[in-house]
Amino acid sequence: MSLYRVEIPPRIAEFIRHLEPQLKHRIRAALRTLAADPARGEPLKRDLREFRKYRVGRFRIVYAQEAKGRVVRVMAIGQRRRIYEELAQMVKAR
């Protein structure tokens with residue numbers, strides 16, 4: 001099985017770096033899982049349908065899967081209650 005390359009923007013890497021150790025470990029394990037099988041996450045709906053989400057406790061990892069380059073591009077990591085609104089604003093700003 002060939003792994004996907006996980007691309008994490010610097011702002012998200014910095015966010016992960018400042019998480020509590022147990023959550024940081026769980027997030028990193030989830031990223032390894034997505035590198036092995038990006039289809040494990042659920043597709044989002046409506047304006048965010050180009051993205052998928054993967055649940056890690058109360059946090060969500062939102063990512064885009066690019067099959068051509070075998071890349072998982074992490075778009076956002078955060079608590080469920082805010083992450084989708086922030087991502088929708090980011091998509092509209094593009």
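Confidence in this predicted model, given as pLDDT (the predictor's confidence in each residue, from 0 to 100), has a mean of 91 over the chain, and 98% of the residues reach 70 or more. Helix α3 (residues 80–93) has the lowest confidence in the chain, with a mean of 84, while strand β3 (residues 52–56) has the highest, at 96. Helices (H or I, at least four residues) and strands (E, at least two) are DSSP runs, numbered from the N terminus. Residues are numbered from 1 along each chain as its sequence is written. Because the model is predicted, local features need pLDDT of at least 70 and side-chain atom pairs count only at pLDDT 80 or more, whereas totals for chains, interfaces and linings use all residues; side-chain values use heavy atoms, without hydrogens and water.

Five strands make up an open sheet with mixed pairing, in the order β1-β5-β4-β3-β2. Strand β1 runs parallel to β5 (residues 71–79), and three bridges join the two. Here V6 stands opposite V72 of β5.

Within strand β4 (residues 59–66) sits R60. Instead, the R60 side chain reaches the backbone oxygen of G57 at 3.0 Å. Leaving aside residues up to four places away in sequence, R60 touches Y54, R55, A76, I77, G78, R80, I83 and Y84, with contact meaning heavy atoms within 4.5 Å.

Key:
Polar contact = N/O pair within 3.5 Å; in protein donor to acceptor, adjacent residues only side chain to side chain. Pairing = 2+ DSSP bridges.
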